[in-house]
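Subject: A structure for you to explore

Hi there,

Here is the structure I promised to pass on. Have a look around it first, and then read my notes below.

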Amino acid sequence: MANPPVIIWKDEVERLLRYRELIPRLEVALGKFSWRDSAELIQPVRTTVPLQKHDGFMGLMPAYMENDGVLSTKFVCFYKREDGSTLPATQATVVLLDPEYGNVKVMDGEVITDMRTAAVSAISAKLLMRPGAEVLAILGTGRQALSHYNVFMEMFSFKEVRVWKTPVSGPVTACVSVEEAVRGADVIVTVTRCTEPVLFGQWVKAGAHVAAVGACRPNWRELDDVLMKEAVVYADSREGAMAESGDIILSGAEVFAELGDVINGTKPAHREKTTVFKSLGMGVQDAVSAKLVFDQWKARHSQL
Ligand SMILES: NC(=O)C1=CN([C@@H]2O[C@H](COP(=O)(O)OP(=O)(O)OC[C@H]3O[C@@H](n4cnc5c(N)ncnc54)[C@H](O)[C@@H]3O)[C@@H](O)[C@H]2O)C=CC1
Ligand SMILES: O=C([O-])C1=[NH+]CCC1
């Protein structure tokens with residue numbers, strides 16, 4: 001039955017989305033994705049349209065989970081703004097559809113993008129960091145840096161958190177150089193808009209886990225060749241990584257496994273080795289986040 005469209009604004013998404021409910025759903029979705037069972041989940045690599053005049057791109061990120069009744073697409077615009085710009089790098093909207101009737105719910109995608117990306121990095125750390133990890137370093141101080149800080153503080157108890165270049169709020173050590181931030185760190189999160197390597201393997205402690213979130217174009221880098229070749233490399237999607245990750249394509253590093261493979265138990269988690277999780281972002285992550293927001297919204301509105 002056709003229902004009128006629903007619009008859910010940013011402040012409401014912010015109120016409704018919680019990491020404790022989001023993380024288990026994302027783990028299930030990552031696992032389902034890695035089985036490559038099209039009866040369960042269909043998610044092509046995102047389509048990108050370059051916005052040359054604005055130094056950015058628009059990405060279209062569809063996903064369909066037949067058995068879960070989830071159909072959605074995110075529209076995301078990403079701009080390679082200069083360092084120091086106050087404008088957001090990422091603007092996003094998620095459209096959730098009823099698969100049977102095509103009814104539309106439209107919601108803000110910025111909070112979803114910030115939170116689901118950070119949550120997936122936290123899942124990578126849960127699976128791949130060495131036991132007893134004490135020091136977290138975050139490179140970047142934008143939106144993703146903040147969401148990563150929030151979820152890592154909620155999920156883990158690090159003794160020290162270092163941030164390059166300026167501090168986010170909270171008990172963190174502000175570092176003036178990347179080397180100072182990452183030397184001796186057990187977990188490193190890279191959430192910059194860099195297009196050249198900023199994190200070098202020679203500074204990274206053996207056995208550290210790196211969640212590499214920026215550098216989402218085939219010619220952009222955050223990590224150098226030494227790190228990419230020394231580490232065991234995991235990705236959210238093999239196809240996404242091979243199509244979009246400059247760190248993987250240009251270094252020639254191999255993707256050892258997807259996070260979903262580790263969740264499914266089909267590939268090991270090499271906690272004892274240096275690991276890189278290369279995150280590109282997937283439509284299915286937005287789909288399960290949007291479904292969670294809509295279900296919570298519906299529950300609240302049916303009580304009114
Ligand atoms: N893997 C995924 O699913 C997602 C990845 N991203 C990526 O995460 C990165 C950060 O996104 P946001 O936090 O939203 O952006 P933002 O603009 O809020 O923050 C970017 C950060 O990078 C720093 N930065 C900019 N240019 C730099 C340079 N040349 N060298 C060093 N640092 C520089 C800025 O100072 C700022 O701290 C972007 O590359 C974006 O593409 C964003 C959303 C999802
Ligand atoms: O998955 C996502 O939304 C994005 N990945 C890189 C820029 C935005």
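Two residues are in contact here when they have heavy atoms within 4.5 Å of each other. Please keep in mind that this is a predicted model.

Leaving aside residues up to four places away in sequence, Phe-152 touches Ala-118, Ser-121, Ala-122, Ala-125, Leu-136, Phe-158, Val-187 and Val-189.

Which residues touch the most other members of the largest nonpolar core? They are Met-107, Phe-152 and Phe-158, in a core of 63 residues. Helix H3 (residues 110-128) gives this core its largest share, with 11 residues. Domain 1 (6-112 + 284-303) and domain 2 (118-282) each supply at least three residues to this core. Another core lies apart from it and has 35 residues, including Ala-185, Leu-199, Ala-212 and Leu-227.

Next, turn to ligand 2. Around ligand 2 you will find Arg-46, Met-61, Lys-74, Val-76, Thr-113, Arg-116, Cys-216, Leu-280 and Gly-281. Three of these residues are worth a look for their polar atoms:

- Lys-74 has a polar side-chain atom 2.6 Å from an oxygen atom of ligand 2.
- Arg-116 has a side-chain N or O atom 2.8 Å from an oxygen atom of ligand 2.
- Leu-280 uses its backbone instead: an N or O atom there lies 3.0 Å from a nitrogen atom of ligand 2.

How much of ligand 2 does the protein cover? On its own, ligand 2 has 250 Å² of accessible area, and the protein covers 90% of that.

Enjoy exploring!

Best wishes

Terms used:
Residues are numbered from 1 along each chain as its sequence is written. Chains are lettered from A and ligands numbered from 1 in the order in which they are written. This is a predicted model: local features need pLDDT of at least 70, side-chain atom pairs count only at pLDDT 80 or more; totals for chains, interfaces and linings use all residues. Side-chain values use heavy atoms; hydrogens and water are left out. A nonpolar core is a set of buried Ala, Val, Leu, Ile, Met, Phe, Trp, Tyr and Cys residues joined through side-chain atoms within 4.5 Å. Buried means under 20% relative accessible area, exposed over 50%, partly exposed in between (1.4 Å probe, protein chains only). Helices (H or I, at least four residues) and strands (E, at least two) are DSSP runs, numbered from the N terminus. Domain bounds come from an automatic or database domain assignment. A residue is near a molecule or strand if one of its heavy atoms lies within 4 Å of it. A polar contact is a pair of N or O atoms within 3.5 Å; within protein, one must be able to donate a hydrogen and the other to accept it, and residues adjacent in sequence count only if both atoms are side-chain atoms. Accessible areas come from the Shrake-Rupley method with a 1.4 Å probe; for residues, only the protein chains shown count as cover.
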